[in-house]
Every structure is written in C-alpha cells, then in structure tokens.
Amino acid sequence: VRTAAVLTAAGSGSRLGLTVPKALALLDGTPLVGHAARRLVASGVVDLLVVTVPDGHLAAVRDAVDDALRDVPGAHAVPVLCTVGGPSRQASVAAALAHLEPDVDVVLVHDAARALAPPELVAAVVAAVRSGSGAVVPALPVTDTIAEVEPGAGTGRPARVVATPDRSRLRAVQTPQGFDRALLDRAHAAASGRAADEALSATDDSSLVALLGEPVVAVPGDDAAMKVTTQRDLAVASLLLRTVAV
Ligand code: CTP
Ligand code: MG
C-alpha cells in the first residue's frame with residue numbers, strides 16, 4: 001500500500017437539510033459517498049480507501065461504498081476502511097490518518113460532498129505529489145470579484161469592505177488534495193495543539209500545511225469537483241451528471 005485516500009463523509013449536512021447525513025443523499029439513485037468513492041478508485045492510483053462516517057451510519061455508508069465499487073475495475077484490490085469521524089472535518093481527517101500503516105507515503109484527502117470529482121483529477125493530484133510537491137490542491141480561477149470585509153461581519157447586515165484583492169491571483173480550492181504523508185501528519189499534529197480560534201481559519205488540509213510555512217502548489221481544478229452544500233448544489237450536480245458525463 002502506498003497511496004491512501006481519506007474520504008470525509010462524517011458531516012451531518014445541516015445546510016442540505018435532509019433527514020439523512022449528506023454523504024447518504026442520493027444523486028441519480030447513488031449516495032454522494034458512493035459517487036466519490038467510485039471516482040477515487042477508478043483513478044487507478046488509490047491503494048487504500050479510508051472513509052469517515054457519522055456515528056450511527058457505519059453500515060449504511062459501508063453498503064453504499066461497496067455497492068458503488070462493485071463494477072469498478074480493480075476495486076476488489078482496494079481495501080476500504082470505514083471509521084467514525086470526529087466533531088469537525090479536521091478531527092475526522094485526523095482520525096482517519098491514525099489508521100494508516102507506515103507504508104503509506106502519499107495521502108489524498110477528499111470530501112464526499114465533492115462527489116463528482118473526476119478520476120483524471122485524482123490521478124493528476126497524485127502525479128503532482130509523486131513528482132515532488134509535498135502539498136497539492138486542485139484550484140480554479142474565481143469569476144466573482146472577492147471582497148474582504150471587516151472582522152466579525154455577519155451576513156445580512158452591511159459590512160465595510162476592507163480590501164479587494166487582485167482577482168487574477170485568487171483561486172477557489174477544491175479536493176481531492178494530495179500530500180506527502182509525513183507532511184500531512186505534521187500539519188495535523190501542529191493543528192491539534194493550536195488555539196481553537198486560529199484553527200477556525202483552516203477550512204481544509206492545505207491551509208494546515210500553509211500554517212507550517214511549507215509550500216502548497218495548485219494544479220488545474222475541475223468544475224465537476226464542485227461542492228454540494230445546498231439543495232441548489234444537489235440540483236446542479238444532478239444536471240452535470242446528466243449532461244456532461246462525469
Ligand atoms: N465532514 C466530516 N466530519 C465532520 C464534518 C464534516 O468528515 N465532523 C466532512 C463532510 O462529510 C463533507 C466534508 O467534510 O464531506 C466537507 O464538509 P461540509 O461540506 O461542511 O459538510 P457537512 O459538515 O456535512 O455540512 P454542513 O456544514 O452543512 O452541516
Ligand atoms: Mg460542515
């Protein structure tokens with residue numbers, strides 16, 4: 001085993017608002033976690049899959065993943081481990097990392113919420129890590145102007161804009177993200193010892209690496225790797241699935 005994929009699926013999906021966790025939300029009859037697992041394994045570059053699961057849903061997620069992998073060539077050779085996640089995404093990833101054997105040298109971290117991230121994207125991220133980058137993210141240019149507002153601003157109330165960064169240098173960062181295993185372990189160890197308010201600003205694994213002062217590189221992302229957060233996103237994903245063969 002050399003490349004492990006951590007698939008985070010332990011969230012509740014509060015913004016999606018279903019009675020089941022988001023990972024079990026159906027897209028064209030298949031749970032999101034199944035779609036994500038299929039595409040990770042179909043890349044052919046993943047040797048082991050660790051899925052983080054909401055407490056109480058181990059059997060349902062395991063069945064969803066097994067079903068989705070049934071007809072993927074080579075999937076029988078990829079062990080799947082399902083483990084209960086933690087209270088935050090970061091804690092869930094840390095719990096998954098704790099299960100990895102010493103022979104794993106590259107780790108992908110992917111969100112079940114980005115269910116349609118294509119196998120080619122998975123392979124491109126791993127290839128970039130294997131060619132020497134310690135931390136690799138798929139990223140897309142942003143199309144909106146992005147404004148930084150005053151600290152503490154919420155939504156709904158007018159907020160003072162404090163900066164408008166040059167859009168040409170901004171990117172929207174996706175998953176799967178790929179890491180040298182030792183670097184990712186170090187980033188999570190440092191994060192678990194950090195003050196909670198500091199940790200809040202890290203919404204993914206690449207930002208934990210950046211907090212160590214280590215370089216992160218961006219490779220071209222993919223529209224299909226969009227994150228399903230709301231019902232609207234689920235409708236968009238369903239349309240993508242029907243129209244652009246992802
Ligand atoms: N996740 C996780 N463990 C948590 C929280 C989130 O493994 N404690 C996973 C989710 O399952 C998801 C990914 O991290 O695949 C990104 O999180 P997000 O999109 O925020 O999903 P949820 O937390 O489930 O959704 P919400 O924030 O709307 O409740
Ligand atoms: Mg969340």
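I count a residue as near a molecule if its C-beta atom, placed from the backbone, lies within 6 Å of it. With that rule I looked up ligand 1 and found 22 residues around it, the closest being Thr 8, Ala 10, Gly 11, Ser 14 and Arg 15.

I noted that this is a predicted model, in which local features need pLDDT of at least 70 and side-chain atom pairs count only at pLDDT 80 or more, while totals for chains, interfaces and linings use all residues. Residues are numbered from 1 along each chain as its sequence is written, and chains are lettered from A and ligands numbered from 1 in the order in which they are written. The protein averages a pLDDT (the predictor's confidence in each residue, from 0 to 100) of 96.

Six of the six residues of E6, residues 106-111, are buried (20 or more other C-beta atoms within 10 Å of their own, C-beta atoms being placed from the backbone), so the strand is largely enclosed by the rest of the structure. I saw Val 106, Leu 108 and His 110 pointing one way from E6, and Val 107, Val 109 and Asp 111 the other way.

I then checked its partners (strands pair if DSSP finds at least two bridges between them). Strand E1, residues 3-8, runs parallel to E6 and is joined to it by six bridges, with Leu 7 partnered by His 110. Strand E11, residues 177-180, runs antiparallel to E6 through four bridges, and there Asp 180 is the bridge partner of Val 106.

Methods
A residue is buried if 20 or more other C-beta atoms lie within 10 Å of its own, exposed if 12 or fewer, and partly exposed in between; C-beta atoms are placed from the backbone. Helices (H or I, at least four residues) and strands (E, at least two) are DSSP runs, numbered from the N terminus.
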